[in-house]
Structures are given as C-alpha cells and as structure tokens.
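These are my notebook entries on a structure that I looked through one part at a time. I wrote down what I looked up and what I found.

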Amino acid sequence: MTIHHLNLGSMREIDSTESLPSAPAVCHALLVETPDSGLVLVEAGLGLDDVTRPGELLEAEWVELVGPELRPAETAVQQVAALGYDPADVRHILLTHLDVDHSGGLPDFPQAEVHVMAAELQAALTEAPNRRYRPGHWAHGPRWVTYPGTGDSWYGVEGVRPSTFSPDFLMVPLAGHTVGHAGVAVRDGDRWLLHAGDAYFYHRELSADDPRSHPLMDIVQLDSQVDEGSRLTSQDRLRELANVHGVEVFSAHDPWELHRMS
C-alpha cells in the first residue's frame, strides 16, 4: 500500500511550546492506495461546500473559534484529483468521528462507503444540527457502515473491529471527545499507524515521562469533550500504544506531527 498524508483544512495559527516554528492547525488525513479496495480515505476534512458556502454549511461560532482558511485546494476531492485519480476511485472513507471538520468532505464522495462507530452515528443523527454535527454533510444519504463498540483486543485495547473490507484497517474505540469517537489503525508493512482523531490535540500529550497539553489547543479540547474520564483513559491507552508497542500514533490537528510524517 501507498499512504499519503494530507491536510484537509488549515485553521488558526498556533505556537509550539517547544523550539518549533508556529504553524496553522491542520486536518490531518490519510489517502491510502490499496491493491484490492481502491482508494481509502481516513477522515474527510472540510469539503467543497464548506469552503465555498461556509455561511450555509458551517456554524458561525465554530468558524470564529477555529478560524478555518477555507481553501478549495485543501479539500480531499481536489487533492485526490491532483494526485491523478478520479474521486470515484475513493471507495471507502473511515471516520474517527462526525465533527464538522472530519465529515465535511463526505458529499464530495457520494458513492463511497462511510465507516464509523454506531454510537457516533446515532449521536450525530440525534443531536444535529449544532456546532459539532452539521446535517448538510450527510444529506446526500451516505452508504453508512457502522461498527459496535465490542469486538477484538488489539495491543490491550478492547472493542477493536476490523473494517468490513480489509483486515489492514481497524476501528479502535477511543471515547471521550465524542460518545462514539474512534481511532483508525492502518497496517503499513510490518508496522501500524493509528490516526487518533481528536483523542488528543498535541504531540506532547503522549510523552511517556512528562505529558503536557497545549494551552490554546487545550481550550478546544476541553470545550468539546463529552466525557473527561473516558478521554483521559483513551489518552493513557494511546501513550501505551506509542511508547510500549511502537504504534505510530498521530492526531488530527497537530501541524508538527503532519510535517514530521509527510
């Protein structure tokens, strides 16, 4: 498989707490070229409708808080095309959750199967519209594939479910940011990558010895969590996966992680 790391939406510029240059927060996504399942997108980011008609699709308070740059060239559909593919080649989209900046690109791939935890889809359909969930992102009627929160164990994490189309993609429950939040694991040769979504926001949070959050990004993290205890438990699991088991863990919005992995 070939794995591309993409930014599907630049946001407000943030400073590092280390000696790293300031950078805009990102919507880190993966585009995976597979031999048997076509193109697989992990996260959908902001879509063309979001960036061209933000007043209709996005909630004004959310736009004010995160400051999205709204560039058409950063949408998944345009980046897929720039790589020489037809957007119809994207057959599967795996989502960590259905927040606006993770699901906005779904209408740009109407034929793709959309994989998400069952609890997350139920919460989105029940609670929308609000700042978090925007029903315009699934008004086209996605081909949902949902997963229960029970299943196998993976490096000690319970409830992990292999995707319906390939054992090289796993849905890894990481509740707390939302009820049905999950990570998406991708096997890359002899190692695993884990897109942890919004289970954490800043790479220092996974430090084995001295975990620290980012003062600005933590405002968003704390404001948007639905269960702090579950979120902190999920972060403990992520530290173990990264520091004990050697899983390459990364989050959705940390620009320094994206730069390191691109």
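Which side chain does a polar contact of 3.5 Å join to that of His92? I looked this up in the model, which is a predicted one, and found that the partner is Glu113. A polar contact of 3.0 Å also joins the side chains of His92 and His115.

Leaving out residues up to four places away in sequence, I listed what His92 touches, including Ser37, Leu39, Ala112 and Phe165.

Entry on the nonpolar cores. I then looked up the largest nonpolar core, which has 40 residues, and wrote down Val90, Ile93, Leu98 and Phe109 as those with the most contacts inside it. Among the elements that give two or more residues to this core are β4, β5, β6 and α6. Apart from it lies another core, of 35 residues, among them Val145, Val172, Leu174 and Ala199. Going back to Phe109, I found that it touches Leu41, Ala76, Val77, Val80, Pro87, Val90 and Ile93, again not counting residues up to four places away in sequence.

Entry on helix α8. This helix covers residues 228-243 and reaches 22 Å from its first C-alpha to its last, close to the 22 Å expected at 1.5 Å a residue. At its N-terminal end I found Asp227 as a cap, with a side-chain oxygen 3.1 Å from the backbone nitrogen of Gly229. The buried residues of α8 are Arg231, Ser234, Gln235, Leu238, Arg239 and Leu241. Seen down the axis of α8, these buried residues fall within an arc of 165 degrees, so they line one face of the helix. I also noted that they pack against several elements, including β10, β13 and α7.

Entry on strand β13. Four of its five residues are buried, so β13 is largely enclosed by the rest of the structure. Strand β12 and β13 pair in the antiparallel sense over five bridges, and I noted Arg191 in β13 as the bridge partner of Asp188. Their hairpin has two residues between the strands, and there Gly189 takes a positive phi near 70 degrees. With β14, in contrast, β13 pairs in the parallel sense over three bridges, and Leu194 stands opposite Val249 in β14.

Key
Residues numbered from 1 in each chain as written. Predicted model: local features only at pLDDT ≥ 70, side-chain atom pairs only at ≥ 80, totals over all residues. Heavy atoms only, no water. Core = buried A, V, L, I, M, F, W, Y, C linked by side-chain atoms within 4.5 Å. Buried < 20%, exposed > 50% of the residue type's maximum accessible area, 1.4 Å probe, protein only. Contact = heavy atoms within 4.5 Å. Expected span 1.5 Å × (residues − 1). Arc of directions from axis to C-beta. Polar contact = N/O pair within 3.5 Å; in protein donor to acceptor, adjacent residues only side chain to side chain. Pairing = 2+ DSSP bridges.
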